Amino acid sequence: MRLKIVSVGEAVLRQPARPVTAAEIRSTEIQQLIQHMRETVNDAPGVGLAAPQVGLPLQLAVIEDKQEYLAGLTAEQIAERERQPLPFHVIINPVLHPQPAGEVEFFEGCLSVPGFTAIVARSRRVRVLCQDETGTPRIIEASGWYARILQHEIDHLRGTLYLDRMQSRTFCSLDIYARLWKNKTTAEVKAGLG
Ligand code: ZN
């Protein structure tokens, strides 16, 4: 079942989500929610979806990056983003630990801010402590695009949107992005818009 994705302006996107208990993780309701969020993010399509984006203030997000999503990027762009396909997985009650590997700046977007994108600086490497869909504790070590996705989704669970972190002068519609900036380097974009 496809769920309705709420857009910026809805209060649920601005409130801290609450932890999910072990009993809740095992419940039919949460297992169904995970399945429905999977269908919703695949349908969008997107690489991540947090529970607040479907109106539920729970610390749960789903992530999946598919080979086909990389089709619009050059090999160079994929390499500089350190982006590679990620299998579907669930993060519950995550705690983010940025690692000392500097920051990287790329355009990112959000299903709750449809039609727009902006450059956001993110930690290049992170460690995330969380539980998976069975309640099993997990430690995720991520870098590059995966680290960006994790930071974006965990922000959602704190009531934060990329709009709060973006370099606001680079904010643009996806149409303009595709026409003018998609194949430019971050330095070129900042020279043009900064
Ligand atoms: Zn988002």
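Why are His 152 and His 156 separated by about one helical turn? I looked this up in helix 4 and found that the two histidines are four residues apart there, which means about one helical turn between them; helices are DSSP runs of H or I with at least four residues, strands are runs of E with at least two, and both are numbered from the N terminus.

**Basis.** I am working on a predicted model, in which local features need pLDDT of at least 70 and side-chain atom pairs count only at pLDDT 80 or more, while totals for chains, interfaces and linings use all residues. Residues are numbered from 1 along each chain as its sequence is written, and side-chain values use heavy atoms, with hydrogens and water left out.

I then checked accessibility: His 152 is buried at a relative accessible area of 8%, and His 156 is buried at 1%, where buried means under 20%, exposed over 50% and partly exposed in between, with a 1.4 Å probe and protein chains only.

**Gln 151.** I turned to Gln 151, which is also in helix 4 (residues 144–156) and counts as buried because its relative accessibility is 6%. A polar atom of the Gln 151 side chain lies 2.8 Å from the backbone oxygen of Ser 123. Leaving out residues up to four places away in sequence, I found Gln 151 touching Leu 96, Arg 122, Ser 123 and Val 126, contact being heavy atoms within 4.5 Å.

**Gln 131.** I placed Gln 131 in strand 6 (residues 125–131), and its side chain is joined to that of Asn 93 by a polar contact of 2.9 Å. Such a contact is a pair of N or O atoms within 3.5 Å; within protein, one must be able to donate a hydrogen and the other to accept it, and residues adjacent in sequence count only if both atoms are side-chain atoms. Among the residues that Gln 131 touches, beyond four places away in sequence, are Ile 25, Val 90 and Pro 137.

**Leu 3.** I found Leu 3 in the segment before helix 1 (22–26). The C-alpha atoms of Leu 3 and Glu 141 are separated by 30 Å, with the two 138 residues apart along the chain.
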